[in-house]
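Please open the model in your viewer and keep the selection panel at hand. The tour below goes from one selection to the next and says what is there each time.

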Amino acid sequence: MPPSETVLDVQGLNVEFGTAGGIVRAVTDVSFSIGRGEVLGLVGESGSGKSTVAHALIRVLPRSARCTGAVTFGGANVLAMSSAQLRRYRWEGVSLVMQGAMNALNPVLTIEAQIVDAIRAHRRVSRRAALASVGDLLELVGIDPGRRRAYPHELSGGMRQRCVIAIALALEPDLVIMDEPTTALDVVVQRSIMDEIDRLRAQLGFSVLLISHDLDLVAERATHLAIMYAGRLAEIGPAARVVASPLHPYTEALLSSTMTVDGDVGRLAELPGKPPDLTGPDAGCAFFPRCARARPGHDEVVPALLESEPGHYVACHLYDDRVAAR
Amino acid sequence: MIVHAVLPVATIVAVSVGNWLIVMRSSMISVLSEDYITMATAKGLSPLRIALNYGARNALLPVTTSAGIAVGFIVSGALLTEVVFSYSGVGYLLYTAVEGLDYPLIQGLLLIITVGVLGANLLVDLAYVLLDPRVRRP
Amino acid sequence: MSRASAVLGAVRSVARAGWARLTSSKKAVFGAAVVLALIVIGLLAPVIAPGNPAAVVGPQNLPPSAQHLLGTTGQGNDVFAQVVWGTRNSLAVGFLTGAVIAIAGTVIGLSAAFFGGWTDNVLTLLMNIFLVIPGLPLIVVMAAFLPRTTLSVSFVLAIAGWAGSARVIRSQALSVVRRDYVAAATVIGERSPRIIFFEVLPGLSSLIATVLFGAIGYGIGSLAALQFLGLGNLNTVSWGTILYWAQNNSALLQGTWWQFVPAGACLAVACAAISMLNFAIDEVTNPRLRTIRDRGARLLRRRARGQARPVRQEEPDAA
């Protein structure tokens, strides 16, 4: 992907978990880059590996996880950073907005205290200076600064999500990873939160990695779109292109499984089969059992991610000339 | 008297600390798998700060609730320890009272012990309110 | 009765999985081995130390020798015989008390949680009263007024100890009773006893096991404490009474350590073994409590050293 100015570059990211049942490859060979001011939407069903990617980017995976590959930020490989470098990189370079803000906030500390924590961990400012900036931050996300001494359980769901966003923006990071920021909220609040994020992005100029299983939400707001299936990238490209002419059968199925308020109420497309339960080594394309356009031979070799149109990549044998030539 | 208390105190502490350790460990393990710990790590806070302000402060809550019961055990343990060390305390007095079947003394001592335990329980409950903002009423 | 057999089948498969994990846990194996060894010693007491342990067999206060493996007491009894025979009384009464407390606690806790309302209020009030009054002083006072027989001692211990178990069972039962499947069963029209046995009890089974072992440990320990204070049945031979006679004999002052160290050690080992079993059950039911030395991390390390492993591709839950 030709970057305008690349903020984060991921090459060949693999994440494995050691479990009692064997080694589980949650993420395999994922590569993408995010430019300044861009929004990369990462879409996939539960278990596709998207949250694992997010956690791997700031290295908050559990101890049983092993990452390989290269995640480059500001010239340094995040996966090889020392703990001192890592602490500087976290929150100042890349911050994280987690799913379900109620669980992401410490229940025994006030909102103010949690914001001050984040600020004073990175900047040598006095408590007073940090407290002063709390008010500005809360106003920025649309919360009344008078509620700064509130505890998380005293706020509504929407307000909590705004608090988490405020904490994430406290140090003006270059990239904000948003992991399902609106899943736990009702539709009306969802829209206002997403509008808020757009407004802040225009104002502060950060990039966003937007992770969701809701394709509609992401397609609306993202500049680029990446679809994940079974831990690998299925398709990645400019959002408008991917939505207008999806290449991968999985993307097609995802797009046709949603309804619009206007337009015909046709029959919704159905995706047969279950999410992948792959035991044993890779057996070709992971989507093969559920693919409507599958052909014999597609389940032998894992499809590589190839550029089908400029900037638009897909990992599917249907577009691989070498396979079609067989 | 204080000097003579060193050995009995050390005995009771040595026996009781194990239980607290186990309960706190179990509570801490539960707390450390919560999302706000992941968020605190992602925020780049120092491990010490995470362990104390985010981990221990939340892990202390269930431990505190069992602190009230522990006071009762301490009083019971003190009785045995006092008898073994012949330390003149309430427990030893109760023991001699029971041996001599001194009913008024037994009644009085049981009353004092129970009031003491009740008072300690009250203090523990108040401490819990201080620790956990979720139980406070605005 | 097919639903009952379905529930039993599910319980059996869970039990089998739990059993596999239990037998692989060093704590559980060690604890169980020690407890079993003690039980065997108690059962084989007439074989290991034939004769009457309360008989006078020689001069008093003899140190350990080939003739008297652990020496003699202040009354001239063989300490080894006393410790071996004492296993019977200590373990039996301890197990009995533990079982009574566990059963009483389960019944009362379940009733309070399930029936709610006035039943719950009254039972909780009773529980709190018995919890607040410190155990040993209460035991001491009760034992002072009751006859000094084994049964009444057991009764006293149970009265003082049931509240802890009942409270724990009640709080867990409250959360189980509020779950949807119990509400569903009530709506279907199942009668209360069936609901209690087939819906609520299975959810509490691991807690009941923990409570049972805790109560047994409490039973053994408190019995010894009571006997040590001279308030138990002084005619029996038990670890606690051994300690009582040793104290009476000023064993600490005289330096005749063999008169109290073996019995004390047996008590400590027995209670420790029961606690270990308790922890092992806790670990099986709450997997997070296991130490991080699990197979997963070991697998990854071995793989890093270049040994092949089977590969599965799946995202673990909660990634």
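Begin by selecting Thr236(C), which in this predicted model sits in the loop between helix H9 (192–228) and helix H10 (239–248) of chain C. Is this residue buried or exposed? Thr236(C) counts as buried, because 21 C-beta neighbours lie inside 10 Å, and the cut-off for that class is 20 or more.

If you turn the view to look at how they pass each other, H6(C) passes H7(C) in a right-handed crossing. To see the contact itself, show Gly135(C), Leu138(C), Ile139(C), Met142(C) and Ala143(C) on H6(C), and, facing them in the contact, Val153(C), Val156(C), Leu157(C), Ile159(C), Ala160(C) and Gly161(C) on H7(C). Coloured by class, this contact has nine nonpolar and two polar residues, and no charged ones.

Next, move to chains A and B and select the residues where they touch, a contact that takes 18 residues from chain B and 21 residues from chain A. On the side of chain B, helix H2 (35–42) and helix H3 (47–65) each supply at least two residues, and H2(B) gives the largest share, with six residues. Coloured by class, the chain B side of this contact divides into six nonpolar, six polar and six charged residues.

In the largest nonpolar core, which has 101 residues, the members that touch the most others are Ile115(A), Val164(A), Ala166(A), Ile177(A), Leu209(A) and Leu210(A). Helix H6 (residues 157–169) of chain A gives the most to this core, with eight residues. Centre the view on Leu209(A) and show Ile34(A), Leu40(A), Leu42(A), Ala54(A), Leu175(A), Ile177(A) and Met178(A), which Leu209(A) touches when residues up to four places away in sequence are left out. Apart from this core lies another, of 87 residues, and Val93(C), Val141(C), Leu243(C) and Ala246(C) are among them. In soluble globular proteins, nonpolar side chains tend to be buried together.

Technical notes:
Residues are numbered from 1 along each chain as its sequence is written. Chains are lettered from A and ligands numbered from 1 in the order in which they are written. This is a predicted model: local features need pLDDT of at least 70, side-chain atom pairs count only at pLDDT 80 or more; totals for chains, interfaces and linings use all residues. A crossing is left-handed if the near helix is turned anticlockwise from the far one by less than a right angle, and right-handed if clockwise. Helices (H or I, at least four residues) and strands (E, at least two) are DSSP runs, numbered from the N terminus. Two residues are in contact if their C-beta atoms, placed from the backbone, lie within 7 Å. Ala, Val, Leu, Ile, Met, Phe, Trp, Tyr, Cys and Pro count as nonpolar, Asp, Glu, Lys and Arg as charged, and the others, Gly among them, as polar. A residue is buried if 20 or more other C-beta atoms lie within 10 Å of its own, exposed if 12 or fewer, and partly exposed in between; C-beta atoms are placed from the backbone. A nonpolar core is a set of buried Ala, Val, Leu, Ile, Met, Phe, Trp, Tyr and Cys residues joined through C-beta atoms within 7 Å.
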